[in-house]
Amino acid sequence: VKLMKDQDLAGKRVLIREDLNVPLDNGRITSTVRIDAAIPTIKAALEKGAKVAVMSHLGRPDEGVYEESSSLAPVAKYLSEKLGREVPLVKDWVDGYTSDSDLVLLENVRFNVGEGKNSDELAKKMAALCDVFVMDAFGTAHRAQASTHGVAKFAPVAVAGPLLSAELEALGKVLDNPARPLVAIVGGSKVSSKLSVLEAVSKIADTLIVGGGISNTFVASAGNEVGNSLYEKDLIPEAQRLRAATDVVFATDVRVTKEGFKAWNHNSVAVAKKANEIQADEEIIDYGPETAARVADIIKNAKTILWNGPCGVFEFDAFAQGTETISRAIADSEGFSVAGGGDTLAAIDKWNLADKISYVSTGGGAFLEFVEGKKLPAVAILEERAKG
Ligand code: 3PG
């Protein structure tokens, strides 16, 4: 693909697609990671003398209607604060707009009819707003939509921004020719929703560590009673197949509770026990201490680490020890580490470890699809455009 850094942008109208889809709580941004990651790209384009318009989606509003709860207004405010200058939010822009500012934020792309279906008509209008289109939204690169794919088809020039390039490079380093051993940690609640990831990773990783509800299905596959734990009985054969194909590490001791998820709170208590001692009325909630220590040891000796998904219900301290142990082990490891996914980022934030992980991806779904080996449509179109 062609890169933004190699373009002469002086005096040009540059349209940058970022993923500024940040979590909001009553209009307050709860994680600014994605905005912070986009800022260097915006600054670089301004330094090159471009007239910059940034576009993004936020949430999943209905097309064709303005909805205040999905407005990028909080993002414009945060950008203004971070950049120390007013960043105007342009509400109506698809058919053209005027602004004196050399930096504007365009209101949520998903308010426009045709965004989701990648309408050519809409994409052409977006393309008409720029001389150069910069795709920088790695987090949305798995979506073939008007603002990610269509616009790249019709813009005079379409290039990758520095964040997108950095993401692809970091993930490439893990997937293409990793320093070994390569250890992958896949946590989260369900085998079914991560099956393709587990399969892809089982082919390249020297060790696959599973956590959370996924680990529970493996615990059951080893013939253990799992009581009330979240697990997927139908996927036990898949778990067995994965174990036959590669070195899969799952819990051999666990922490359990009898409380039921509605009662979980910050004073909840968990009891550690061996995986073969779980009672019918108990629920696995975290790794046990021995498993956590074993997993930390494997991570410590890894040369490359790929991490997605927590290993327990880490929101509550009594259930967070497994996730905390692996997060800290990754942070302390000298290997090259890449982490991605919304819950994973929240865990990294909880223990303030972002600076100690080699690369923290801004992608959720895009990160997983890339790991699965899928071609991201918004990247594919840039490759096509680069061929001329
Ligand atoms: C994400 O948060 O994964 C991206 O911003 C994509 O959002 P979407 O799933 O609503 O397309």
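**Binding-site arginines, burial and backbone exceptions**

User: Which arginines does UniProt list for "binding site"?

Analyst: In this predicted model, the positions that an unreviewed UniProt entry lists for "binding site" include Arg 34, Arg 110 and Arg 143. A listing of this kind in UniProt may be inferred rather than shown by experiment. For "binding site", the unreviewed entry also lists Asp 19, Leu 20, Asn 21, His 57, Leu 58, Gly 59 and Arg 60.

User: Why does Arg 34 count as buried?

Analyst: The cut-off for a buried residue is 20 or more other C-beta atoms within 10 Å, and Arg 34 has 23 C-beta neighbours inside 10 Å, so it counts as buried. Arg 34 lies in helix 1, which spans residues 33–47, and, not counting residues up to four places away in sequence, it touches Asp 19, Leu 20, Asn 21, Val 22, Gly 139 and Thr 362.

User: Is Arg 110 buried or exposed, and what makes it so?

Analyst: Arg 110 has 22 other C-beta atoms within 10 Å, which places it among buried residues because the threshold is 20 or more. Its place is in the loop between strand 6 (103–106) and helix 3, and, leaving aside neighbours within four places in sequence, Arg 110 is in contact with His 57, Arg 60, Pro 61, Glu 63 and Glu 115.

User: What makes Leu 20 buried, and what makes Gly 59 partly exposed?

Analyst: Leu 20 has 28 C-beta neighbours inside 10 Å and therefore meets the requirement of 20 or more for a buried residue. Gly 59 has 14 other C-beta atoms within 10 Å, a count between the limits of 12 and 20, so it is partly exposed. Leu 20 is in the loop between strand 1 (13–17) and strand 2 (24–25), whereas Gly 59 lies in the loop between strand 4 (51–55) and helix 2 (73–83). Beyond four places in sequence, the contacts of Leu 20 include Arg 34, Leu 58 and Val 75, while Gly 59 touches Asn 21 and Ser 70.

User: How do you know which classes of residue make up the shell around the ligand?

Analyst: The residues around the ligand are Asp 19, Asn 21, Arg 60, Gly 139, Thr 140, Arg 143, Gly 364 and Gly 365. Asp and Arg count as charged, whereas Gly is among the polar residues, and on that basis the shell has no nonpolar, five polar and three charged residues.

User: Why is helix 4 described as largely enclosed by the rest of the structure?

Analyst: Helix 4 (residues 146–154) has nine residues, and seven of them are buried, so the helix is largely enclosed by the rest of the structure. The buried residues are Ala 146, Ser 147, Thr 148, His 149, Gly 150, Val 151 and Ala 152. They pack against strand 1, strand 4, helix 3 (120–128), strand 7 (132–135), strand 8 (157–160) and helix 13 (377–387).

User: Is Ala 179 buried or exposed, and why?

Analyst: Ala 179 has 12 other C-beta atoms within 10 Å, and because a residue with 12 or fewer is exposed, Ala 179 is exposed. It is placed in the loop between helix 5 (162–175) and strand 9 (182–186). The C-alpha atoms of Ala 179 and Gly 335 are separated by 8.4 Å, although these residues are 156 apart along the chain. Leaving aside neighbours within four places in sequence, Ala 179 is in contact with Lys 303, Thr 304 and Phe 336.

User: What kind of peptide bond joins Arg 180 and Pro 181, and where does Pro 181 lie?

Analyst: The bond joining Arg 180 and Pro 181 is cis, with omega at about 5 degrees, and Pro 181 lies in the loop between helix 5 and strand 9. Most peptide bonds are trans.

User: What is the phi of Asn 118, and what is the phi of Asn 352?

Analyst: Phi is near 60 degrees for Asn 118, a positive value in a residue other than glycine, and near 55 degrees for Asn 352, also positive. Most residues other than glycine have a negative phi. Asn 352 is in the loop between helix 11 (342–350) and strand 17 (359–360), and it counts as exposed because it has 10 C-beta neighbours inside 10 Å, where the limit is 12 or fewer.

Technical notes
Residues numbered from 1 in each chain as written. Predicted model: local features only at pLDDT ≥ 70, side-chain atom pairs only at ≥ 80, totals over all residues. Helix = DSSP H or I, 4+ residues; strand = E, 2+ residues; numbered from the N terminus. Contact = placed C-beta atoms within 7 Å. Near = placed C-beta within 6 Å.
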